[in-house]
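Let's take a look at this structure together. We'll begin with the ligand and its neighbours, then move on to the domains.

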Amino acid sequence: MIRLEGVTRRFRSPAGVRLALDGVDLTVAAGEVFGVVGRSGAGKSTLVRTLNLLERPDAGRVWVDDQDLMGLNPAALRAARRRIGMIFQHFNLLHSRTIRDNIALPLVLDGRSRVEIASRVDELMERLGLIEHARKHPAQLSGGQKQRVGIARALACEPSILLCDEATSALDPETTEEILALLDQLNLDLGLTLVLITHEMEVVRRVCDKVAVMEAGKIVETGATADVFLKPQTQATRSLLAEGESRTATPRPVGGTVARLVFRGERTFEPVLSRVSRETGVDHAILAGRIGRFRDQAYGQLEVAFAGGDPQVAIARLRAEGVEVEVVS
Ligand SMILES: Nc1ncnc2c1ncn2[C@@H]1O[C@H](COP(=O)(O)OP(=O)(O)OP(=O)(O)O)[C@@H](O)[C@H]1O
């Protein structure tokens with residue numbers, strides 16, 4: 001479990017004082033996959049670096065597994081940090097060392113015996129499909145393979161938490177999917193708590209149970225990913241979600257009632273809209289739409305203009321069928 005209370009971090013530079021974190025409260029439950037999103041400069045990296053005190057807050061508290069990290073002496077903090085692994089956008093591997101030695105490094109620093117190190121590294125290379133690369137150097141591996149090495153190294157001391165700072169941002173879409181599937185599996189197999197910092201909304205949709213949206217050093221919205229993404233409450237979230245949306249054209253103005261419909265789970269695959277149309281005599285034109293998956297459920301979003309009959313009757317029927325309806329105009 002991770003808990004931040006009133007965490008504040010200021011940076012002083014010739015340009016003045018920058019408030020990177022402004023009284024952040026955050027709770028991440030054990031075993032959760034938690035995403036943190038926001039624009040460049042919102043404070044995401046600073047936030048994730050406070051979780052292991054790589055960045056020491058100026059004010060506030062940081063608890064990890066019921067330990068107050070700010071109150072620990074240096075030796076106790078080093079021990080606590082072993083329970084918190086971290087992976088990075090550019091992998092941060094040692095280029096002069098072999099893959100095997102890169103993975104072994106945290107165990108060597110922790111003073112483990114040679115026998116224990118050998119057996120743990122073998123186990124990690126096996127789990128992450130790296131056996132054939134053991135004697136290679138990082139430069140000989142693809143981006144996806146390097147991130148696997150990063151993950152193996154981060155898992156070496158059996159952490160309960162893995163912090164992922166833009167871990168897929170340097171990877172192509174196919175490799176991103178492969179690494180996300182791996183993180184998803186590690187969460188399920190090991191009960192590992194994951195905190196993912198990302199600017200890619202699709203990453204959050206794909207793997208995160210919960211999400212926090214940051215703006216100017218504050219968390220402006222947080223909750224279950226499906227709730228936050230399907231019913232955003234702040235402009236910051238709406239504009240992040242709107243980026244990369246493919247709207248071929250601004251819809252031509254239409255008369256009548258326009259509504260946004262949200263289908264979740266099994267509803268996504270049922271012909272609810274056409275059934276309601278047929279039974280109520282209310283037609284609809286589809287103005288915009290999207291279907292996809294969150295980690296735990298499918299979803300569909302449609303913007304429709306109702307035509308003919310009584311739109312209120314159709315809306316009441318859709319709601320009775322479990323479709324969420326928001327009337328736009
Ligand atoms: N070491 C530092 N010295 C001075 N200012 C800093 C430092 N680290 C971060 N900042 C400032 O704090 C703010 C938050 O930065 P941070 O890197 O946490 O944002 P971010 O959301 O991770 O952005 P990005 O996605 O671009 O990495 C920014 O205004 C940044 O310029």
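In this predicted model, β1 (2-13), β2 (16-28) and α1 (44-50) each give at least two residues to the shell around the ligand. Helices here are DSSP runs of H or I with at least four residues, strands are runs of E with at least two, and both are numbered from the N terminus. The largest share of that shell, three residues, belongs to α1. Altogether, 13 residues surround the ligand, and the closest are Phe 11, Ala 20, Ser 40, Ser 45 and Thr 46. To be near, a residue needs its C-beta atom, placed from the backbone, within 6 Å of the molecule.

What kinds of residues are these? Here is the shell by class.

| Class (members) | Residues in the ligand shell |
|---|---|
| Nonpolar (Ala, Val, Leu, Ile, Met, Phe, Trp, Tyr, Cys, Pro) | three |
| Charged (Asp, Glu, Lys, Arg) | two |
| Polar (the others, Gly among them) | eight |

Now for the domains. The domain assignment, which is automatic or from a database, gives domain 1 (2-242) and domain 2 (258-327). Their centres, taken over C-alpha atoms, are 38 Å apart. The contact takes nine residues from domain 1 and eight from domain 2, with two residues in contact if their C-beta atoms, placed from the backbone, lie within 7 Å. On the domain 1 side, α7 (201-207) and α8 (225-230) each supply at least two residues. By class, that side has five nonpolar, one polar and three charged residues.

A note on the numbers: residues count from 1 along each chain as its sequence is written. Local features need pLDDT of at least 70 and side-chain atom pairs count only at pLDDT 80 or more, while totals for chains, interfaces and linings use all residues.
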